[in-house]
Amino acid sequence: MHPLDTPNTRSHTSHVSNRREKFREYMSLLDAAADPRLAIERGFYVQMPGRGTAEQIAGRLELRPASTHLVVGGVGAGKTTQLLVANDRLTELGDTLAIYIDVSKHQDLRKLQPGVLLTLAGLDLSRLLDEESDLRPKIENRFLLWANGYEEDPFAYDEAPGPWVGGVVTSPSHDLEFDVARMKSSLGELREALATQCPNLVFIIDSLDRLSTLAPLSKLLEQDIAAISALGIGLVLVGPIQAIHGLQRLTAERFDYVYHQAFLDVQQDPHGRDFLFQVLRQRAPESLISAELCMQLVRYSGGALRDLISLARQAVEEAYLDGADTVNSGHVLTAADALGRSLMIGLRPAELNVLQLVREQGSFVMTSEDDLALLATRRILEYRSPGVRYTVHPTIEPLLKQLTGGK
């Protein structure tokens, strides 16, 4: 027998292997970067307190299938999950086809331009046509050419248009660009071909909240979104939080409905605390994280769903590295400190001054793009229930205090 192959050694090896596999499973359940669809399919979705964004969107689209909806909120507030739930509810209606499109999976958001949304929508919709349909290869290939480019224009007219002389009066409504107009026409053909199969059509567009400025979104509003709306197709779009603040709110006014998916106020809203506790409990059993530590993680999250899951995952990782079978308060504090330090990276003196003012006085008046960036990146958290309230993220509060000598 090999000297390492003793009964005690085998028992120890088995224990180590079982512990490793168990913690791997915990880590997969607490993957904040995972597709929210997986969490819904695995039964981890918890109904938000009150009337959630998903219920409001789906209910209004049931009554007005061609209406337009804008959803904004900070990173990690749970917007994607709400879109997916709304998508499922609309699909259950029977007379409505809801198509969820994550733009970031197909398009470099730094190179967003008019026609992108129409092309992605057309590609998804064309694949719903019967494979035996003569229209399917024609339309699908057309959108593929728009998506991937082509050497020669396969849609050129027989007669070239004559020179155009512009007038002095400009219509307040924006004309569609040439390619966008053709995309709209092709999407209209698809809409008509699928009218019997799905009388009502809704596109749910995700990930545009990652845009650093509103300029690309404004262009899409004038082109793609205007074209989709003109075809009588419903639209739900996630946009950057700048769309509801200052002069930028003019963008939001182009939609029929606007929703602010705010963070849950874990300090003042017991229903919000309980909701986040249940979200975490669905993924982490009592044998791993006690109820007391779950609530501590909820408080450190500041009401941000993604931060809650990330903090719990980091704490579990710390427990594994520590050789422990359960999470303790030290592991939670280490996880909170790590998140706080990551949020502090790159902050300039002026931004630190703003954060200190919010920490000390709870006041926050947005006067610049830098202020909006603090909001969009969760350094400052905005709560809207029952009234508007601002705080710094709980994980950076002790670090800001250190910078002032503990004051």
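Biologist: Let's start with the sheet: how many strands form it, and in what order?

Modeller: Keep in mind that this is a predicted model. There are 5 strands in an open sheet, ordered E2-E3-E4-E1-E5, and the pairing is parallel. From one strand to the next, the twist averages 15°.

Biologist: What makes E2 and E5 the edge strands?

Modeller: Strand E2 (96-102) and strand E5 (257-260) each pair on one side only.

Biologist: How do you know that E1 and E4 pair?

Modeller: Pairing needs at least two bridges between the strands. Strand E1 (residues 68-72) and strand E4 (residues 234-238) have 4 bridges in the parallel sense, so they count as a pair. As an example, Leu70 has Leu237 in E4 as its bridge partner.

Biologist: Which helices lie on these strands?

Modeller: Among them, helix H5 (residues 116-126) lies across E2, strand E3 (200-206) and E4, at about 125° to E2. Helix H8 (residues 215-230) packs on the sheet and touches E1, E3 and E4, its direction making about 160° with that of E4.

Biologist: What makes Ser207 worth a look, in terms of phi?

Modeller: Most residues other than glycine have a negative phi. Ser207 is not a glycine, yet its phi is positive, about 85°. You will find Ser207 in the loop between E3 and H8.

Biologist: And why is Ser207 called buried?

Modeller: The cut-off for buried is under 20% relative accessible area. Ser207 has 2% relative accessibility, so it counts as buried.

Biologist: Where is Arg378, and what is its phi?

Modeller: Arg378 sits in the loop between helix H15 (369-376) and strand E6 (380-383). Its phi is near 75°, again a positive value in a residue other than glycine. With a relative accessible area of 12%, Arg378 is under the 20% cut-off and therefore buried.

Biologist: Why is the contact of Arg378 with Asp307 called a salt bridge?

Modeller: The nitrogen of the Arg or Lys must lie within 4 Å of a carboxyl oxygen. For Arg378 and Asp307 the N to O distance is 2.9 Å, so the pair qualifies. Asp307 is in helix H12, 71 residues apart from Arg378 in the chain. Asp307 is buried, as Arg378 is.

Biologist: How do you know that Lys219 and Glu177 form a salt bridge too?

Modeller: Their closest N and O atoms are 3.9 Å apart, which is within 4 Å, so the pair counts. Lys219 belongs to helix H8 and Glu177 to the loop between H6 and H7. Lys219 has a relative accessible area of 35%, which makes it partly exposed, and Glu177 is partly exposed at 35%.

Biologist: Last one: which residues have the most contacts inside the largest nonpolar core?

Modeller: Ile289, Val316 and Val327 do, in a core of 49 residues. Helix H12 (residues 305-321) gives the most to this core, with 8 residues. A second, separate core has 44 residues, including Val103 and Leu125.

Definitions and conventions
Residues numbered from 1 in each chain as written. Predicted model: local features only at pLDDT ≥ 70, side-chain atom pairs only at ≥ 80, totals over all residues. Heavy atoms only, no water. Core = buried A, V, L, I, M, F, W, Y, C linked by side-chain atoms within 4.5 Å. Buried < 20%, exposed > 50% of the residue type's maximum accessible area, 1.4 Å probe, protein only. Helix = DSSP H or I, 4+ residues; strand = E, 2+ residues; numbered from the N terminus. Axes fitted to C-alpha atoms, helices over the stretch in contact; angles between N-to-C directions. Contact = heavy atoms within 4.5 Å. Salt bridge = Lys/Arg side-chain N within 4 Å of Asp/Glu carboxyl O.
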